[in-house]
Amino acid sequence: MKMIVLVSLFLSLETYANDPLSSMQWGIKNIGQPMFRATGELTRELVVGTPGQDIGLPENFSPSKEKVIVAVIDSGVDIFHPDLKDNIWLNPKCKGMSEEDLVKEDCHGWNFLDGNPDVTDDIGHGTHVAGIIAATENNGIGIKGVASKNVEIMPLKILNSKVNT
């Protein structure tokens, strides 16, 4: 398996209709669909997208058959999220470990803030980024990532709710 930090977005767009929020992913395929934009903490306004202002993935693009590890260097990742749990990296040394032992070792990534393997996302941003990349198509939950069949997410936590940027 190859490890990369940045990923090319390599999945055909025609299957995005199976998960309920996929049509709202402007960056992946923008056909001018309306969606809400935050104007404040509790307020939203309806805006219309600009057709074609997206990643420009060719319709005939064929995804890579080889899985790659994508390091999401962010606020951690919810490794148990139903859209992500099947695409979370597992350190090969951890295969066969009990769930109790998995949380004690660097089995899914690393928390550089606290120097431990707890990659829990207390902000949500890292989970959001991981979802855009690797959310699985599961016909009814959330979104589908652009590379859901091609990547494993390795969470590397460098931010939390206490870090000022």
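**View 1. Cys 94 and Cys 107, a buried pair.** Both Cys 94 and Cys 107 are buried, meaning under 20% relative accessible area with a 1.4 Å probe and protein chains only. They form a disulfide with sulfur atoms 2.1 Å apart; a disulfide here is a pair of cysteine sulfur atoms within 2.5 Å. A search of the whole structure finds 1 disulfide. Cys 94 sits in the loop between S4 and helix H1 (99–102), and Cys 107 in the loop between H1 and strand S5 (110–111), so the pair ties together parts 13 residues apart in sequence. The S-S torsion is about -85 degrees, so this disulfide is left-handed.

**A note on the model.** Please keep in mind that this is a predicted model, where local features need pLDDT of at least 70, side-chain atom pairs count only at pLDDT 80 or more, and totals for chains, interfaces and linings use all residues. Residues are numbered from 1 along each chain as its sequence is written, and side-chain values use heavy atoms, leaving out hydrogens and water.

**View 2. The buried side of helix H2.** In H2 (residues 125–134), the buried residues are Gly 126, Thr 127, Ala 130, Gly 131, Ile 133 and Ala 134. They span an arc of only 165 degrees around the axis, which puts them on the same side of H2; the arc is taken from the directions from the helix axis to the C-beta atoms. Their cover includes strand S4 (68–74) and strand S6 (151–157).

**View 3. The fold around these sites.** The protein has 2 helices and 6 strands, which are DSSP runs (helices H or I, at least four residues; strands E, at least two) numbered from the N terminus.

Conventions
Buried means under 20% relative accessible area, exposed over 50%, partly exposed in between (1.4 Å probe, protein chains only). Contact means heavy atoms within 4.5 Å.
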